[in-house]
Amino acid sequence: MTAIVGVSDAARVLASFETEGGPTLHFERAEFTWTRGVTPSFGTVTLANDDMEAILDALPLDGALVFQWGEAGIRFDGCRLEALESERTADAFGGALTVRDRRWRWALGGFLFTSSCGGVNPRDADGNVLRFDRSARQLAGWCLETLSVAPPGYDDSDTAEADPDGVLAGLPAGSEEDPSTYPFVEADGTPAAEVLEELCAIYGCHVCPGVDGYYRLLKPGQGEVPEFGDEWTVRRGLRRGIADAPESVVVIGAPELVQVEVPLVARVPDTDGTLKDPDATTGDEALSFRPENGWNYDSWRVEDMTADAGQTPEADLIRRHLYRLYVPEDDIDVRAMTGPRVAFTRAAPHLVDEELDDDGRKVKAAPFVKGSHVDPEFVEDEAFGLDDSGDPEEDVRVKVGFRIDTRLGGIVFHRPVYAISEGAMSAASLTLVCAFRGSVCYREVPFAAGTPGVYRRAELPDFQYEFPDPDSDASNQDEMDALADAFAEREYEKYLADERAGVYAAGRLEGVGLSGRVTQVRYVADADGMETEAAVDCSPEPYEFSDAERRALIALGAIVRDMRRVRFLAPKEKDTEYVVA
């Protein structure tokens with residue numbers, strides 16, 4: 001655990017690393033930045049030691065990072081020491097190492113399992129809770145206990161008496177009248193750290209480690225602030241204070257997603273570029289090069305029909321588009337998107353509906369085409385899609401891959417898809433099931449205590465309205481509004497600070513735990529002494545990275561260290577393509 005410990009007055013080494021069952025390493029300089037969240041905090045240590053080469057061979061090492069100052073010290077148990085860089089000079093062999101706190105283990109263990117079918121707090125298709133298993137507080141307590149960072153004797157019965165120390169003060173108490181306090185979790189080997197991160201995103205709180213070695217979930221503004229005496233100095237004033245608090249926070253999300261069913265009709269470009277009906281025999285809709293007897297051939301294959309036609313433009317149009325190009329029967333008018341060409345530029349790669357993948361996980365379903373048709377890949381007189389009477393079945397999914405052609409404003413199959421009537425081919429009766437991206441989701445959350453006329457913009461990519469049917473009232477709008485409101489509240493509270501807000505520094509070791517107010521603590525020990533720096537009610541840096549962004553930066557850093565050169569190739573622009581397995 002992390003704890004304040006007593007040390008000998010004779011201690012001369014300010015920072016060290018006590019390995020598990022091995023030697024103790026003494027550092028010339030150590031810098032450790034303690035942060036909130038589920039990702040590990042990092043520090044850098046340097047040493048000059050004749051046994052450095054042997055130490056490098058033994059890395060990584062597990063143990064405790066210890067800072068000492070007089071009779072007091074602070075200890076971070078469960079850390080991992082890894083190589084960062086080393087340098088040999090004529091006189092010595094020195095090196096810099098990186099140390100991560102105990103949260104490095106969270107990505108490798110601490111998985112949640114449940115015997116209940118459907119996960120924890122499962123929902124039906126309309127989002128109603130089918131079974132109330134664990135509230136948000138009980139889920140968080142379960143995670144903390146799984147990761148061995150819950151205070152001793154903690155009770156997850158979700159009562160005020162069960163949490164007298166406010167371990168889960170940032171989460172609401174469970175109430176079956178408020179289903180939002182019972183979030184859904186797939187506890188089938190899900191890492192507990194991921195569940196904690198998701199809970200923090202939903203309810204606007206942070207995972208805060210304390211000097212006692214235990215962790216708490218607190219909202220901005222919650223938790224204790226140390227009494228800053230004369231030994232503390234204000235290193236940097238508040239970056240933003242109450243005078244900058246906005247009147248409202250505008251949450252900007254992803255484009256809304258609307259699932260639709262689009263009836264299709266077959267079309268073929270004529271020699272003048274206009275789209276014509278391949279089954280029309282007379283009038284303006286008829287193709288100028290349609291055979292007099294229609295598409296009535298014994299073979300039913302487009303390739304055979306054009307085998308003797310040579311390489312004429314008409315034959316090429318037939319090969320490329322006959323019963324392969326299908327366009328919307330009527331103009332698409334979804335959320336101010338009018339016309340197929342405009343709409344198809346906003347086509348999404350997935351639907352609102354979900355399905356199970358090969359591993360049994362829920363994923364967004366891919367667009368598909370259904371309807372009365374015959375699969376052209378058949379042997380003799382047997383064809384997929386025919387019922388017992390030999391007629392095409394209704395609403396059969398087309399197993400032929402297709403792509404969206406934004407230029408023509410329709411879809412193009414990889415091979416012809418059609419119906420058969422009395423030995424003649426005709427257009428299939430098809431419907432495209434897809435989703436379109438509408439306008440960007442936007443929600444303004446007002447705060448009466450803010451400065452009039454001051455607005456703040458905050459981006460939340462997970463904020464996305466989903467409509468399974470444009471004419472239906474069923475959507476996730478209430479759930480998304482609650483998510484945006486919680487996010488806006490968290491953003492707004494960043495601007496609320498008292499006179500103690502800022503970055504404080506002390507020229508000694510001070511045990512300061514993280515909370516909803518203490519956002520970061522930095523310890524530095526070198527030959528000149530010891531320093532503790534604490535950021536209160538403000539971000540110590542111009543931008544505070546989220547846990548997801550920090551993980552991405554950590555992964556990118558590992559790639560850069562392992563590769564001499566990284567080359568990124570941008571994909572060529574092309575139409576969206578869907579291949580049906």
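Biologist: What links Arg29, Glu31, Arg522, Asp526, Glu531 and Glu533?

Modeller: A network of salt bridges links these six residues. A salt bridge here means a side-chain nitrogen of Lys or Arg within 4 Å of a carboxyl oxygen of Asp or Glu. Keep in mind that this is a predicted model, where local features need pLDDT of at least 70, side-chain atom pairs count only at pLDDT 80 or more, and totals for chains, interfaces and linings use all residues. Residues are numbered from 1 along each chain as its sequence is written, and side-chain values use heavy atoms, with hydrogens and water left out.

Biologist: How many salt bridges does the structure hold?

Modeller: The count is 22. Side chains of opposite charge can pair when their charged atoms come close.

Biologist: What makes Arg75 and Asp77 a salt bridge?

Modeller: Their closest N and O atoms are 2.8 Å apart, and the cut-off is 4 Å, so the pair qualifies. Arg131 and Asp133 also meet in a salt bridge, at 2.8 Å from N to O.

Biologist: And what about Arg403 and Asp405, how do you know that pair counts?

Modeller: The closest N and O atoms of Arg403 and Asp405 are 3.4 Å apart. The limit is 4 Å, so this one counts as well.

Biologist: Is Asp405 buried or exposed?

Modeller: Buried, because its relative accessibility is 5%. The term covers anything under 20% relative accessible area, with exposed being over 50% and partly exposed in between (1.4 Å probe, protein chains only).

Biologist: Why is Arg131 called partly exposed?

Modeller: Its relative accessibility is 30%, which lies between 20% and 50%, so the middle class applies. Asp133, with 27%, is partly exposed too, and so is Arg75, with 24%.

Biologist: What makes helix H2 mostly covered?

Modeller: Nine of the eleven residues in H2 (residues 136-146) are buried. Among them are Leu139, Trp142 and Cys143. For the naming, helices (H or I, at least four residues) and strands (E, at least two) are DSSP runs, numbered from the N terminus.

Biologist: Which elements do the buried residues of H2 pack against?

Modeller: Strand E9 (111-113), helix H3 (192-203) and strand E12 (215-218). Ser148 follows H2, and its phi is positive, near 60 degrees.

Biologist: How many helices and strands does the protein chain have?

Modeller: Eight helices and 34 strands. Of its 581 residues, 47% count as buried. Taking contacts (heavy atoms within 4.5 Å) between residues at least 6 apart in sequence, 68% join residues at least 24 apart.
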